[in-house]
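Hi everyone, thanks for coming.

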Amino acid sequence: MDQDREIQNIALTGFMGCGKTAVGRVLSKLSGFDFLDTDQFIEDHVGMSIPRIFEERGEDTFRHYERELLAMLADRKNTVIATGGGLLVDQSNMDAMKKYSMIFCLWASSKSIWRRVKDQSHRPLLQTENPKQRIIDLMNERKPAYSKADMLVNTEYRSAKEVAQLIYGQFNQVVNQKV
Ligand code: S3P
């Protein structure tokens, strides 16, 4: 781990529907850390749902809110941060988050993702004619960005609790060894 990093938090990234919020909640209980969901935080601060922000203000404005939120998080400690799936795709956001958080990327196959999101309607990026193909395309596009996380965690065949335990074990090891 780089010497100039002050790891105080656990951040979760990964594609929509891979379980960041569910794992984050379990992880928060396990660690005693606070829990912060970036989408929820933005919705509360802006006073609008994510779909409404996209519809009325556009994706660029939503990304601007994400960057602003990231700046606000700089002095956070002992927090599990579940990020929206696009937040850390931006390299400067990833760099900023890495300064004070260890970043875990949750992974699931496009098939599993599709199974989990197909009956939901709160993700504007998947409101297209062919959401299944959109998932495959976006996952491929984002692969290089997600691979910059500290650790990739396969969530297939694992419960949220198992994923949380695995992450917490790794986090403790790194933070205690300061490697
Ligand atoms: C997005 C993921 C969503 C939400 C927004 C954009 C993305 O969060 O931030 O719809 O770009 O992948 P989840 O990953 O929690 O679904």
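Helices and strands here are DSSP runs, counted from the N terminus: a helix is H or I with at least four residues, and a strand is E with at least two. Residue numbers start from 1 along each chain as its sequence is written. The model is predicted, with local features needing pLDDT of at least 70, side-chain atom pairs counting only at pLDDT 80 or more, and totals for chains, interfaces and linings using all residues, while side-chain values use heavy atoms, with hydrogens and water left out.

Okay, let's start with Phe15. Where is Phe15 found? Look in the loop between strand 1 (9-14) and helix 1. Is Phe15 buried or exposed? With 2% relative accessibility, Phe15 counts as buried. Let me give you the cut-offs: buried is under 20% relative accessible area, exposed is over 50%, and partly exposed is in between, using a 1.4 Å probe and protein chains only. Contact, by the way, means heavy atoms within 4.5 Å. If we leave aside neighbours within four places in sequence, Phe15 is in contact with Lys20, Leu106, Ile113, Ile135, Leu138, Met139, Arg142 and Tyr146. Then there's Arg134, which is 119 residues from Phe15 along the chain, with 12 Å between the two C-alpha atoms.

Next up, Ser109. You'll find Ser109 in the loop between strand 4 (101-107) and helix 6 (110-117). Ser109 has a relative accessible area of 19%, so it falls in the buried class. Beyond the neighbours within four places in sequence, Ser109 is in contact with Met139 and Glu156. Met139 also turned up among the contacts of Phe15.

Stepping into helix 6, we get to Arg116. Arg116 is partly exposed, because its relative accessibility is 33%. Which residues is Arg116 in contact with, leaving aside neighbours within four places in sequence? They are Gly17, Cys18, Gly19, Ala108 and Thr155. Compare that with Arg142: it is 26 residues from Arg116 along the chain, and their C-alpha atoms are separated by 19 Å.

Now hold that number and look at Glu68, which lies in helix 4. Glu68 and Ile42 are also 26 residues apart in sequence, but here the C-alpha to C-alpha distance is 9.6 Å.

Another pair to click on: Ala22 and Ser159. They are 137 residues apart in sequence and 9.7 Å apart in space, C-alpha to C-alpha. Ala22 itself lies in helix 1 (residues 20-31), and it is partly exposed because its relative accessible area is 42%.

Asn78 has a positive phi, near 45 degrees, and it is a residue other than glycine. Asn78 sits in the loop between helix 4 (59-72) and strand 3 (79-82), and at 41% relative accessible area it is partly exposed. Tyr157 isn't a glycine either, yet its phi is positive at about 60 degrees. Tyr157 belongs to the loop between strand 5 (151-154) and helix 8 (160-177). Why is Tyr157 classed as exposed? Because its relative accessible area is 83%.

Last topic, the ligand. How many residues surround the ligand? The count is 13, and the closest are Lys20, Asp39, Arg63, Arg123 and Arg142; a residue is near a molecule if one of its heavy atoms lies within 4 Å of it. A side-chain N or O atom of Asp39 is 2.7 Å from a ligand oxygen. For Arg63, a polar side-chain atom lies 2.7 Å from an oxygen atom of the ligand, and for Arg123 a side-chain N or O atom is 2.6 Å from a ligand oxygen. Taken alone, the ligand exposes 380 Å², and the protein buries 95% of that. Those areas come from the Shrake-Rupley method with a 1.4 Å probe.

That's my tour; questions, please!

Notes: Polar contact = N/O pair within 3.5 Å; in protein donor to acceptor, adjacent residues only side chain to side chain.
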